[in-house]
Amino acid sequence: MKAYLQVLSTGTADCSPSIILHFDSQRYMINCGEGTQRLCMESKLRFSKLQTILFTRNHWECFGGVPGMLLTLSDVGLRNIKLLGGENLTHAMTSTRHFVYRNTMAVDTFEFSQDNNKYQDENLRITSVQILPENFERSAPREWPLTKSSVQSPNGSPSGSPSSSPTSAPQTAKIVVPELAPNGVPVVVGSKRNSDEVQSPAIESMESPMDIRKRVLGNMFNVSKFGNLTLPTKKAKKDPRAKSSTSDGQTDVDMILASQAAAADTNDGKTCGGKPRGSYTDLPRTSPIPTAISYIFQSPDYVGKFNKQAALDLGVRPGKLFGQLVNGKSVESTTGEMVHPHQVISGARPGRVFMVVDCPDLGYLSNLVQASEFSKFQKGSEGLQAACIVHLAGHDVVSHPQYKEWMLRFGEETQHIMANQEYCSQKLIWRSQSQGCYKLSKLDSNIFPVPYYDNNPVHALQEDLKDVPVKASLAESMMTYILEPSTGVDESEVVKPMTLDPNYDSLKDHSKQYLREYYELSEKAQQDIAADAASTLEEFPGRDVVLTALGTGSSHPSKYRNVSATLLEIPRDGTFLLDAGEGTYGQMFRQFGGYRRTPDQKNSVDTRIENMKGIFISHLHADHHLGIVSVIDRWNKLRHADTEPLYLIAPMRFNTFLQELSDVQDFGYHNVKFIESEDIVYWRDPAKDWRKQNARPAMSDLLRSSGFRDISTVDVIHCPWSYGISMTHQSGWKIVYSGDTRPCQNLVQAGHGATVLLHEATFEDDMQDEALKKKHSTTQEAIAVGEGMEARFTMLTHFSQRYPKIPRFDHEDKSTLIGICFDLMSVPLGQIYKLPKFLPALQVLYSAQSDEAKEGEEESNDSELKSLQQATE
């Protein structure tokens, strides 16, 4: 048997520490924060053998990458996954039920407790050491206010949105068990289901809170049900609010939405998403418990080598008696004597012991070092010595005398590996993206800046442990510690820190012709821009507003493009975030110069988040919002007593998710004001529509805080509860964001006269059928929307993740100026005119001869990545 431990992430702002355990039969992952899936792709780690994920804490830092990871694991063909962690793990997972569900996979959870702290399978015996901070007292669940749109309308009719107000934590509760699709037909195995399908029909049962959560989880991932049944075909319903179009495909409502809304629409066709069939329930309440779990692992005992001749000499008959000896049983010889395993087996020994220790801060330290579970592996005991310990602790903990003394107890032969961003530098981990940014920066280093990095750690491990005689190493990405058959560190696959040359001689004199040609065309583009004085001097409202593309890819993170997120920086009025896909915070960190290191530092990620006024989430698909928790958490830590609330505009069920997740981790959501997207749809009459009236107080505060004159959502054509947004500033400029949609007349109408349209362009023009099927837009369709609304600029985003090619389009004779978004591109609206001048150089950089295109061809032949692309695009 070969077994080894491998460091995936050392801990950076992009991705918290993560460890992979490799055994012949399966792989295990320890912690899966945001960015873990993307780092697996960057590192070319396969998903196919991953079957178990363990978490050291129920904190988004440790499990924020799991929702997206589960969807990916299902899409590449995994059928069973086990999640192990502390109390509230199941609650955290089921809080995602509105947007994480597959019926091609089964997911189960196992929650450790003080009475049940062990777990075992064919490869590992696991002991959990559960530590709470000193003087911790658990609070009652937070009481959330009723959102105004969750109450009845003035005429007594329900709003069509489920209430997310909690009640006191019940001991038993009623649960809705999802068995069938809303039309009464079993769900197709392998299909992507609408979130309503995990809510209905209503089947009542009296169960404990944990049973309820387990049942909900089982129906989010119900691989065992309805194996060979298919859904009937339904004719798509036309959106009654959309104007006529030359193409029938442009106004088709999502098939699932049509089947749900056709039978019973209580809002005269004016509620995007229709009314959910069946009743709706919140999860049973709980409250955060900040347990930090350290894991003690032991691999299977090594049975040694069986000496066949010795057994024969002792009179043991060949056959099943040999097997019994190998399995540790004594047998009787032909002479009647008992033969014991140690007489015929040599080299047997216990399995290797290794650990992962999580001590988040000094509040945990005393309880950790006193934990009795570690004592039998320390000096002076008769137990086994730990071969390796991975420490997820920072400088304050590791440098503390009590922690250093505790490390010494394990003996001088134990290998210690330190994985924490205070010791491991903020090196570039998205190497493919960083190389792409470096090449693009030749065009304009302000619009395409090189991502921030620092290859020097904040604290030196050698200094902190200089008086401690232990074997200690810094974690490095892809560092390996071999567990079986021998032990030791292997750094042969370690990814060395990346540096980016500030000059571009490497491009000018490159051996590859396409890069030399790109360099020359970049020079020409700069000359053309310098000669275009008229565009440079043109004045218009909003020219100093900066649009930063933080994620421009569709469906799942990739090496080159992260998932959807765009930041608006409005001088004197702060920032506004449009969608927040997984990894958004890490992208902001790289774009805006890292953490604030001095009080007077102006360029930092903290400055942008501290000044954030609002966030818009377009719809419930996971690639558009899984980064929001990290952003809110950081904003909450930076806020002061006089900080104004952060405003969140999103579908109602997203509010439910964040409230339920707050029962597991307090990330500051109680300081956020929620505005339901449906309440501020552009066609609602503020004088007559009760929903618009209910939203008015919060909207008035948001408009005052952000400097906008009007903010309205737009119901678009994608999935239930999908919206775009139109935002008009007091100074006269206007930005429109499409979210995910087919070309939509509603968006054209609401966005008329926009300064900038940010529109998805998922598919190329030759993939019209795919665009129709999956309710996305092609490049030319997105441009046509920009022309239809008479937008000054049209920016294209949300591209296929196959590889970083650029869309092909004719930009001549268009009434709207067209630009292509790239990850970490920051462009003032007054400089968008430059982007078309970059097109000749970009077409060479991403031509068929480019390294990126060739790598994309290789990946397209990879069966695992190919299945992922086909399932998600």
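In which sense, parallel or antiparallel, do strand β16 (residues 353–357) and strand β17 (residues 388–391) pair? In this predicted model, the two strands pair in the parallel sense, and four bridges hold the record of that pairing, with F354 standing opposite C388 in β17. Helix α12 (residues 401–408) packs on the sheet to which these strands belong, where the helix touches β16, β17 and β18 (415–418), and its direction makes about 160° with that of β17.

The sheet itself is open and consists of seven strands in the order β7-β8-β11-β16-β17-β18-β19, with mixed pairing. Its edge strands are β7 (118–120) and β19 (471–474), each of which pairs on one side only, and from one strand to the next the twist averages 20°.

Elsewhere in the chain, strand β22 (residues 546–551) is largely enclosed by the rest of the structure, because six of its six residues are buried, that is, under 20% relative accessible area. Strand β22 pairs with strand β23 (residues 565–570) in the antiparallel sense over five bridges, and A549 stands opposite T566 in β23. Strand β22 is also joined by four bridges to strand β34 (residues 825–828), again running antiparallel, and the bridge partner of V546 in β34 is P828.

Taken as a whole, the protein chain contains 28 helices and 34 strands, and buried residues make up 60% of its 873 residues. Of the contacts between residues at least 6 apart in sequence, 72% join residues at least 24 apart. The chain exposes about 33,700 Å², of which carbon and sulfur atoms supply 48%.

Methods. Residues are numbered from 1 along each chain as its sequence is written. This is a predicted model: local features need pLDDT of at least 70, side-chain atom pairs count only at pLDDT 80 or more; totals for chains, interfaces and linings use all residues. Side-chain values use heavy atoms; hydrogens and water are left out. Buried means under 20% relative accessible area, exposed over 50%, partly exposed in between (1.4 Å probe, protein chains only). Contact means heavy atoms within 4.5 Å. Accessible areas come from the Shrake-Rupley method with a 1.4 Å probe; for residues, only the protein chains shown count as cover. Two strands pair if DSSP finds at least two bridges between them. Axes are lines fitted to C-alpha atoms, for helices over the stretch in contact, and angles run from 0 to 180 degrees between N-to-C directions.
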